Amino acid sequence: MSTALINSLTYYLSEHPYIVGFRWSNSQSWGSTWSFLFTSISLYIAVSSTLHIILSALLRRNRSVPLGHIPELHSLLMSILSATIFAGILLSAAAEIRDTRWFWRRSKTATPLQWLLCFPLGTRPSGRVFFWSYAFYLTRFLHMFRTIFSVLRRRRLAVSQLFCNSAMAFTSFLWLEFSQSYQILAILSTTLVYSVVYGYRFWTGFGLPGLAFPSFVVNCQLLLVGCNLVSHAGVLTMHLFKGGCNGIGAWGLNSVLNGAILLLFLNFYMRIHSPMRRRINNTSPELELPANVTEKNLVMG
């Protein structure tokens, strides 16, 4: 029974004809145009900012819009989607390594790790792993609803939150448009963290016991930052010494965005761990954290 279930999951997550035959193109993939990307990001920033201004003008300081358990259900959905993408791209990467290892002799790729870090030159955005990369790209727009929930519940809107969510959508688009190297490891690490963090949000959202939420999320973010730094160093090393990696120009732009997000995260991390912050929390535990502390959206990728 268990073997049949595993085989069934493997088929639907990595061997289904639609997944194997996926191709990123303007005619076959929804949301695959530059105009869609920039329009969506602009609309996200405009709606969030407008909603924040309107609510700040109409509602009292401590008044919030009741949302019921909609944020918790959103967290459950994001946790399930993230876990599915994690399992899908893990199985798909294993299948691609199995099916294309013979082709590596034409390049300087020798091990699966090198392939995960550095796609051979000429790689096209088609097949299993790019299907799950496309699924990850689409979930970036679902992730943006966290900003709306934050504005409605707390009337708080951090510029860093808008920037990080927009940058993540832009980065995910670059992965597909230019068949960028390193994206498999980035998606694996990000979806693993997302599945845990969103699952924890769902758990604590219904009043179930848990650890201090900001500390838990920040520790997950810190682990993700560390993984990304190591992976980026690996990509650069492979590109310089193994004859080049596919999509390295997009990787360079991605690195700039990641650097900006990293600076925001380090600033945030130092502020919440500063001696002054600890003294305030110890003497006045009822005080609220700043807006960009309550919504930890500095997820790297």
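Two residues are in contact when heavy atoms of theirs lie within 4.5 Å. The structure discussed here is a predicted model.

By that definition, and leaving aside neighbours within four places in sequence, Ser195 is in contact with Ser79, Ser82 and Ala83. Ser195 itself belongs to helix 9, which covers residues 183-205. Is Ser195 buried or exposed? Its relative accessibility is 15%, and because buried means under 20%, Ser195 counts as buried. A polar atom of the Ser195 side chain lies 2.7 Å from the backbone oxygen of Leu192.

An unreviewed UniProt entry places the feature "transmembrane region" at several stretches, including residues 76-95, 157-176 and 182-200. In the model, residues 76-95 are 100% helix and 0% strand, with the end C-alpha atoms 29 Å apart. For residues 157-176 the figures are 90% helix and 0% strand, and the end C-alpha atoms are 30 Å apart.

Next come the aromatic rings. How many aromatic pairs does the structure hold? There are 22. One of them joins Trp115 and Phe119: the ring centres are 5.5 Å apart and the planes meet at 50 degrees, so this pair is tilted. Trp115 and Phe119 are both buried.

Note on methods: Residues numbered from 1 in each chain as written. Predicted model: local features only at pLDDT ≥ 70, side-chain atom pairs only at ≥ 80, totals over all residues. Heavy atoms only, no water. Helix = DSSP H or I, 4+ residues; strand = E, 2+ residues; numbered from the N terminus. Buried < 20%, exposed > 50% of the residue type's maximum accessible area, 1.4 Å probe, protein only. Polar contact = N/O pair within 3.5 Å; in protein donor to acceptor, adjacent residues only side chain to side chain. UniProt positions renumbered as here; feature names shortened; annotations may be inferred. Phe/Tyr/Trp six-rings, centres within 6.5 Å; stacked < 30°, edge-to-face > 60°.
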